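Here are my notes on this one, jotted down as I went through it. Have the coordinates open while you read.

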Amino acid sequence: MTTYYTKDHEYVRVEGDTGIVGITDYAQSQLGDVVFVELPEVGKAVKAGGEAAVVESVKAASDVYAPVSGEVVAVNDGLPDSPATINEDPEGKGWFMKIRLADKGELAGLMDEAAYKAMIGA
Amino acid sequence: MAETAAGDLKYTPLDAWHVAQGARMVPFAGYSMPVQYKDGILTEHLWTRAHAGLFDVSHMGQCFVHSDSWEKTAAALETLVPADILNLKPGQQRYSQLLAPDGGILDDLMITRSAYEGHEGWAYLVVNAGCKDADYAHIAAHLPAGVSLRVEQDLALIALQGPEAVEVIATMVPAIRTVPFMAYHAAQLDGVWLHISRSGYTGEDGVEISIPAKDVVAFCDRLLKDPRVRPIGLGARDSLRLEAGLCLYGHDIDTTTSPIEADLKWSIQKRRREQGGFPGADRIRRELAAGPARLRVGLLPEGRQPAREGTEIMADGRRIGTVTSGGFGPSVNGPVAMGYVETAFAAPGTPVTLIVRGKELPARIAPMPFVPHRYFR
């Protein structure tokens, strides 16, 4: 199980051929209080770097991009009713969706934890 | 509001204090200002509605227009704004707008008649930060001989807002308890001069305090010692004023909107409506008589998704208006917005459709404020 990161502050935690996708703790801290989230439908095909979800804080709306291409095989159904979970536990209970990876080779283009931490200056 | 390069930013006397309180600073109207502190916008908003929120509004412009008599000062101001200035009582404050010749709004502002002995001909004005230089030039260019503008550079301005705000101030200045909404009380507190007005921009009871810049840090430290007080940033200030149905200049009102279109006719008193004599009076009296073509209204989107500024408002299969402010209302616990629609669609309850991120979102025209005002009358 390895977690990869995008420059847009999404993570994908890969288990076998699926990846759990969400936004990083740094992303939630920059967004502030999340008040709305829109998830894709299960079965939707997403492309790496393409829009996959929407997250809105009191202040602003942001797109969440798919870190990897593939089919959305599950979404976090409870999230739209408790969007604050994204602030409280972004890399745990605040996950957005599970994607069945179409091409594991795409992971090579993402950052590992050390590289991501270096990028955000953590 | 125009973006400003970091090197050109101005700082309020509370800049270091904000940073020490854990603020996240952002550029706003040419100033480095706190958008939020550690608690975050949602918590800060709800704290203000329940207790007392402390805001730095020192970026706003404070100035005086003065002459040797109130009549002369009021007459000069009445050539610039549509409010009745002449009939202000000493110590009373009124909301108005600086108008362009076509009735568009150059800025909105507060005007207070001085109650200071020896200052009978003085009016105190508070204008928006982003407009203040243009406002001062405009005012100075239009004052007649004998009436002068004095711009204050060494005054800070803070607001303490919320149901516990007045009690917090009353621990130091008990007389504030009986001062009504839109009036002020001058006080000396341990040698510090305070101009305390019962007003604000959150819909809550509270005060705005003008204080010498050199004294403001110590005064804010003193306020923060009261457990009812927490510092509140611009983010919550925006959601509070939106829930209160109050306009933000440059968004809900600007040079293209008249006060009548903006549903601010309550701020134009009877004598001025009848007599005119202010910029744009022809248009404004015509709109008062016949109704404006468009009107600022409240909007309640269905569901949870906020509709932001610039969102198209549709009805009957066509565009009938635009959202000018929109977001999530923490006290409403849902999305709230305001915008302009063609007057035929302005009645509360009218169903409309908002185009949010390419999708149709049903909404209704709603009365404002979204959260009842709790002013002390």
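1. Let's start with a helix on strands. In chain B, helix α7 (residues 234-243) lies across β17 and β18, and its direction is at about 125° to β17(B). Keep in mind throughout that this is a predicted model.

2. Now the two strands under that helix. β17 of chain B covers residues 318-329 and β18 of chain B covers residues 334-342; the two pair in the antiparallel sense, over eight bridges. If you want a spot to check by eye, B:Gly327 stands opposite B:Val336 in β18(B).

3. What do β17 and β18 belong to? They are part of a six-stranded barrel in chain B, closed in the order β15-β18-β17-β16-β19-β20, with antiparallel pairing. From one strand to the next, the twist averages 40°.

4. On to another helix of chain B. Which residues of α6 (residues 216-224) are buried? They are B:Val216, B:Phe219, B:Cys220 and B:Leu223. These residues sit on the same side of α6(B), because they cover an arc of only 100° around the axis.

5. The largest nonpolar core has 130 residues. The members touching the most other members are A:Phe96 and A:Met97 from chain A, plus B:Leu77, B:Leu125, B:Ile158, B:Leu160 and B:Leu299 from chain B. Take B:Leu125: leaving aside neighbours within four places in sequence, B:Leu125 is in contact with B:Cys63, B:Val65, B:Leu109, B:Met110 and B:Ile111.

6. Why does B:Leu109 count as buried? Because B:Leu109 has 25 C-beta neighbours inside 10 Å, and the cut-off is 20 or more. Not counting residues up to four places away in sequence, B:Leu109 touches B:Ser96, B:Leu98, B:Leu125, B:Val126 and B:Val127.

7. Last, the interface. How many residues of chain A are in contact with chain B? Nine, and they meet 14 residues of chain B. On the chain A side, β4 (34-38) and β6 (51-57) each supply at least two of the residues. By class, that side of chain A has five nonpolar, one polar and three charged residues. The counts here are of residues in contact; interface size is often given instead as the accessible area lost when the parts come together.

Notes
Residues are numbered from 1 along each chain as its sequence is written. Chains are lettered from A and ligands numbered from 1 in the order in which they are written. This is a predicted model: local features need pLDDT of at least 70, side-chain atom pairs count only at pLDDT 80 or more; totals for chains, interfaces and linings use all residues. Two strands pair if DSSP finds at least two bridges between them. Helices (H or I, at least four residues) and strands (E, at least two) are DSSP runs, numbered from the N terminus. Axes are lines fitted to C-alpha atoms, for helices over the stretch in contact, and angles run from 0 to 180 degrees between N-to-C directions. Two residues are in contact if their C-beta atoms, placed from the backbone, lie within 7 Å. Ala, Val, Leu, Ile, Met, Phe, Trp, Tyr, Cys and Pro count as nonpolar, Asp, Glu, Lys and Arg as charged, and the others, Gly among them, as polar. A nonpolar core is a set of buried Ala, Val, Leu, Ile, Met, Phe, Trp, Tyr and Cys residues joined through C-beta atoms within 7 Å. A residue is buried if 20 or more other C-beta atoms lie within 10 Å of its own, exposed if 12 or fewer, and partly exposed in between; C-beta atoms are placed from the backbone. The arc is that of the directions from the helix axis to the C-beta atoms.
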